[in-house]
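Hi,

Here is the structure I said I would pass on.

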Amino acid sequence: MKLIIDTDSKTLSVMEGDQTYSYDLYSRKSFEEISRQWVKVGWNEKYQYTFSWMGRPIIQLPEDMIRTQEVIYKLKPDVVIETGVAHGGSLIYYSSLLRAMGKGRVIGIDIEIRPHNRKAIESHEMFDRITLLEGSSTDPNIVNQVKSMVKPEETVLVLLDSNHSYQHVIDELNAYASIVSKDSYIVATDGIMFDLEYVPRGGKNWSVDNPMKAAQDFVAQNPNFTIEQPSWPFNESELGENITHWPGAWIKRVK
Ligand SMILES: C[S@@+](CC[C@H](N)C(=O)[O-])C[C@H]1O[C@@H](n2cnc3c(N)ncnc32)[C@H](O)[C@@H]1O
């Protein structure tokens, strides 16, 4: 594929195989095409490893953080559950939003919470709403512990950000989907992997071994769920698609 940005003629040319598409440079289509490449180059350059929230590293694209904030504010969840803690920045982020909203708690699960990360998370001023669980997110003991911490009438949002292999994400979806409340989501993050197999830091088989495919196969088997990007609460533009590392991630419980 070739992309030619011509600022003189104000066009974007996209060449795929023997087809060439030409767009007004200052258009929705050009923004989406350029963003798709920007996200891939940025992923390779570890742009998502350059942010922190209230002092803790958070391994996310800020666009995804803001879209998640929009969902959290709208849903007003009682519980946010995240698999994959790392340095704890995302847990601190959710906790700070819940603190500002005056409601809700956070459960974070990681197969290994390193002592220095645990110490920093547990001593953080946003820790009061957070519970840390150490173990594999698909270990039945962990899954049962999480389930015992959630009441059936509660509003529950689940984010899956641990091991992003197809099989692990399918296993997580099957383990946690039943605790997601109606109109809330289970989010299979990092589906961008489908588009990264051939970038330098990408992995073998990622075009099929990725969370987006796991999400698609999960909803095909589970009619109570559908893949649906949350609507934007504010939009005075012609745009409509998230700029994201999480394409196809937002799995909504509809029944
Ligand atoms: C991408 S990082 C999480 C980033 C974090 N959510 C953030 O936004 O900053 C992935 C984490 O998943 C954890 N992990 C890997 N396999 C896991 C598993 N089977 N169960 C739980 N956590 C796992 C790793 O230890 C790592 O800390």
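Let me start with the loop between β4 (52-53) and β5 (56-57), which is where M54 is found. Helices here are DSSP runs of H or I with at least four residues, strands are runs of E with at least two, and both are numbered from the N terminus. This is a predicted model, where local features need pLDDT of at least 70, side-chain atom pairs count only at pLDDT 80 or more, and totals for chains, interfaces and linings use all residues. Residues are numbered from 1 along each chain as its sequence is written.

M54 is not a glycine, yet has a positive phi of about 50°. M54 counts as partly exposed because it has 13 C-beta neighbours inside 10 Å (20 or more other C-beta atoms within 10 Å would be buried, 12 or fewer exposed, in between partly exposed, with C-beta atoms placed from the backbone).

D183, in the loop between α6 (166-176) and β10 (185-188), is another non-glycine with a positive phi, near 70°. D183 is exposed, since 11 other C-beta atoms lie within 10 Å.

Now the helices. The axes of α2 (residues 62-75) and α3 (residues 89-101) come within 11 Å and cross at roughly 35°; axes are lines fitted to C-alpha atoms over the stretch in contact, with angles from 0 to 180 degrees between N-to-C directions. M65, Q69, I72 and Y73 of α2 meet Y93, Y94, L97 and M101 of α3, contact being C-beta atoms, placed from the backbone, within 7 Å.

Cheers

Terms used:
Contact = placed C-beta atoms within 7 Å.
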